[in-house]
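I opened this model to note how its parts pack together, and I keep my entries here in the order in which I looked things up.

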Amino acid sequence: MGNETNYNLCDYRTVEALLKKHGFNFSKALGQNFLIDDEICPAMAEYLGADESTAVIEVGPGIGVLTKELCKTAGKVAAIELDKRLYPILAETLCDYDNFELIEGDALKLDLNKLILEHLSGYEEIKFCANLPYYITSPLIMKLLEERLPISEIVVMVQKEAAERLCADMGTRKAGAVTAAVKYYGEAEILFEVKRESFMPSPKVDSAVIKISVNGNQKYPVSDEKKFFSLIRAAFAQRRKTLVNSVSATLGIQKSEIINCLSQLSLNPNIRAEELTMEDFVSLYGLIF
């Protein structure tokens with residue numbers, strides 16, 4: 001697996017010197033905040049529970065603080081990084097780990113099934129672990145789930161508010177389209193919270209680490225997932241409006257038709273999307289489509 005590198009990547013001065021050496025400045029556009037709390041990454045790696053038969057995909061490794069912990073236990077870690085300025089830093093901080101591979105590119109645009117096939121074949125299990133830049137949290141988690149990747153577990157640090165939304169119960173105010181996706185494909189739980197002071201530079205909000213256990217089998221009787229999620233997205237597209245108005249405006253379906261479907265399910269025509277359970281949405285999809 002390799003030996004301990006000489007860098008303490010959670011020490012403020014060490015990180016500052018390393019970044020200065022490589023002429024690196026933080027990019028607000030890329031949502032860069034590096035962890036400097038030495039308890040968090042080991043805890044994330046422990047919750048992920050990877051071993052030598054496991055390959056791990058990471059997105060946004062930064063300077064490698066989480067990557068290093070993952071490399072200590074996993075058979076292989078493939079980290080996807082968009083910012084070319086970090087490549088020489090990662091080459092330096094992770095030089096002792098022969099089970100690390102840097103994948104250059106944008107995780108939202110890459111074909112992840114192809115990546116797994118080409119870089120991670122031969123491992124018994126594939127898992128995903130990352131300290132996600134806030135701006136890609138929802139689209140990336142949707143991508144991981146909707147593409148039906150052979151990933152069994154996702155352990156990610158996200159903005160606290162996003163964590164609450166991802167792990168919310170359907171039928172509650174915090175539920176949204178991404179909540180439904182998570183419920184459809186797996187089970188999510190908040191593991192622990194992370195204070196803003198744990199980062200360099202400190203963001204304006206606190207974070208939380210969540211775990212999503214992905215179902216191998218289909219949990220709900222839905223024949224066309226694209227249509228099902230088009231209904232979910234439409235229902236939550238205009239949260240302040242009723243479900244009837246939001247779905248009608250987004251999908252162009254007659255209001256009377258949606259009201260009729262709700263009535264068959266004994267649901268109030270003035271109901272909002274956040275009040276529906278997953279079972280309600282599955283039944284509504286069956287009637288509308």
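**Entry 1: the nonpolar cores**

I began with the largest nonpolar core, which has 68 residues, and I noted that Phe128, Leu132, Phe228, Leu243 and Phe281 are those with the most contacts inside it. H9 supplies the largest share of this core, seven residues. I keep in mind throughout that this is a predicted model.

I then looked up Phe228 by itself and, leaving aside its neighbours within four places in sequence, I found it in contact with Tyr184, Val222, Met278, Phe281, Val282 and Tyr285. I also recorded a second, separate core of 39 residues, which includes Val15, Leu70, Cys71 and Ala79. As general background, I reminded myself that in soluble globular proteins nonpolar side chains tend to be buried together.

**Entry 2: H8 against H9**

At what angle do H8 and H9 pack? I read about 150° between helix H8 (residues 177-185) and helix H9 (residues 225-237), with their axes 9 Å apart, and I noted that the crossing is right-handed.

On the H8 side I listed Ala177, Ala180, Ala181, Tyr184 and Tyr185, which meet Glu225, Phe228, Phe229, Ile232, Arg233 and Phe236 in H9. Sorted by class, this contact has nine nonpolar and two charged residues, and no polar ones.

How many of the residues of H8 are buried? I counted eight of its nine, and I therefore call a residue buried here when its relative accessible area is under 20%. The buried residues are Val178, Thr179, Ala180, Ala181, Val182, Lys183, Tyr184 and Tyr185, so I note that the charged Lys183 is listed among them.

What covers these buried residues includes helix H6 (137-146), helix H7 (160-166), S7, S9, H9 and helix H12 (278-288). I also followed H8 over the sheet, where it lies across S7 and strand S9 (207-214) and runs at about 120° to S7.

**Entry 3: the sheet**

In what order do the strands of the sheet lie? I traced seven strands in an open sheet, in the order S4-S3-S2-S5-S6-S9-S7, and the pairing is mixed. The edge strands are strand S4 (100-104) and strand S7 (186-194), each of which pairs on one side only, and the twist averages 20° from one strand to the next.

I next went through some of the pairs. Strand S3 (residues 76-81) and S4 run parallel and are joined by five bridges, and Ala79 stands opposite Leu102 in S4; Ala79 is also one of the residues that I had listed for the second core.

Strand S5 (residues 125-131) is mostly covered, with six of its seven residues buried. Four bridges join strand S2 (residues 54-59) to S5, and these two run parallel; the bridge partner of Val56 in S5 is Lys127. Six bridges join S5 to strand S6 (residues 151-159), again in a parallel run, and here the bridge partner of Ala130 in S6 is Val156.

**Entry 4: Ser256**

Is Ser256 buried or exposed? I found Ser256 exposed, because its relative accessible area is 53% and the cut-off for exposed is over 50%. Ser256 has its place in helix H11 (residues 255-264). I also looked up the separation between the C-alpha atoms of Ser256 and Pro269, which is 9.7 Å, although the two residues are 13 residues apart along the chain.

Technical notes. Residues numbered from 1 in each chain as written. Predicted model: local features only at pLDDT ≥ 70, side-chain atom pairs only at ≥ 80, totals over all residues. Heavy atoms only, no water. Axes fitted to C-alpha atoms, helices over the stretch in contact; angles between N-to-C directions. Left-handed = near helix turned anticlockwise from the far one by under 90°. Contact = heavy atoms within 4.5 Å. Pairing = 2+ DSSP bridges. Core = buried A, V, L, I, M, F, W, Y, C linked by side-chain atoms within 4.5 Å. Buried < 20%, exposed > 50% of the residue type's maximum accessible area, 1.4 Å probe, protein only.
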